[in-house]
Amino acid sequence: MLLLGSLILGLMGNATEMGLAIGAGAIGLVFLNLEQIASLKAAGIEIITKDQKEQLLAVIEKETEPSFIKTEAFSTDDQTKEVVKALKNQRFTWRYLNGLVKDTGLPKEKVKQSLDWLLDNDLGRKSKGDKGDIWSLTQKGREVFLEHKK
């Protein structure tokens, strides 16, 4: 009905008026269905409805999801388990190397080796304290080593 006027103007030979009527009719159609529209481009006249947008998003998500599920497994030796237990000590957030050595009963070199392994696997973090380097577990490390309690 909105475009009937442009058809009559076209038959009468009034091209300019016909173009304006078509533009006005298109704008009228847009406003009639405004709640359905998710995206609208101007000069290129690209209108995407909410349903179309959801469908496009589903296609994009399907095409970009990984073809496998990534899982990580960590096999730790007894010395690393002892270091993790010491890092999870509820009394401390950060631990110095000497404190970890004292709690684990392991030589400094073995404790340092375990700490380096934790850092390399994003299970531990290292920072600077008043008396030197300090270590703690990351959130990922706490989740991985949930079963090790002290």
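Which residues does T104 touch, not counting residues up to four places away in sequence? T104 touches E82, V83, A86 and V111, where contact means heavy atoms within 4.5 Å. This is a predicted model, in which local features need pLDDT of at least 70 and side-chain atom pairs count only at pLDDT 80 or more, while totals for chains, interfaces and linings use all residues. Residues are numbered from 1 along each chain as its sequence is written, and side-chain values use heavy atoms, with hydrogens and water left out.

**Overall make-up**

- The protein chain has 7 helices and 5 strands; helices (H or I, at least four residues) and strands (E, at least two) are DSSP runs, numbered from the N terminus.
- Along the sequence, these elements follow the pattern α-α-β-β-α-α-β-α-α-β-β-α.
- Of the 150 residues in the protein chain, 22% are buried; buried means under 20% relative accessible area, exposed over 50%, and partly exposed in between (1.4 Å probe, protein chains only).
- Taking contacts in the protein chain between residues at least 6 apart in sequence, 43% join residues at least 24 apart.

- Helix α4 spans residues 78-87, and its buried residues are Q79, T80, V83, V84, A86 and L87.
- These residues lie on the same side of α4 because they cover an arc of only 160° around the axis; the arc is that of the directions from the helix axis to the C-beta atoms.
- An α-helix has 3.6 residues a turn, so residues three or four places apart point the same way.
- The packing partners of the buried α4 residues are β3 (95-96), α5 (97-104), α6 (108-120), β5 (132-137) and α7 (139-144).

**Nonpolar core**

- The largest nonpolar core has 14 residues; such a core is a set of buried Ala, Val, Leu, Ile, Met, Phe, Trp, Tyr and Cys residues joined through side-chain atoms within 4.5 Å.
- The residues with the most contacts inside this core are V83, L87, L100, V111, L115 and L118.
- Two or more residues of this core come from each of α4, α5, α6 and β5, and α4 gives the largest share, 4 residues.
- With its neighbours within four places in sequence left aside, L115 is in contact with V83, L87, L97, L100 and W135.

**Sheet β3-β5-β4**

- An open sheet is formed by 3 strands in the order β3-β5-β4, with antiparallel pairing; two strands pair if DSSP finds at least two bridges between them.
- β3 and β4 (124-129) stand at the edges with a single partner strand each, so one side of each is left without a neighbour in the sheet.
- β3 and β5 run antiparallel and are joined by 2 bridges; R95 stands opposite W135 in β5.
- The antiparallel pairing of β4 and β5 extends over 6 bridges, and a hairpin through 2 residues joins the two strands.
- Residues facing β5 include R125, opposite S136, and G129, opposite G132.
- α6 lies across β4 and β5 and runs at about 115° to β4; axes are lines fitted to C-alpha atoms, for helices over the stretch in contact, and angles run from 0 to 180 degrees between N-to-C directions.

**Individual buried residues**

- T104 is found in helix α5 and is buried, with a relative accessible area of 13%.
- A polar atom of the T104 side chain lies 3.2 Å from the backbone nitrogen of L106; a polar contact is a pair of N or O atoms within 3.5 Å, where within protein one must be able to donate a hydrogen and the other to accept it, and residues adjacent in sequence count only if both atoms are side-chain atoms.
- K88, in the loop between α4 and β3, counts as buried at 10% relative accessibility.
- The K88 side chain reaches the backbone oxygen of F145 at 2.9 Å.
- L123 is found in the loop between α6 and β4 and is buried, with a relative accessible area of 0%.
- L123 and F145 are 22 residues apart along the chain, and their C-alpha atoms are separated by 9.1 Å.
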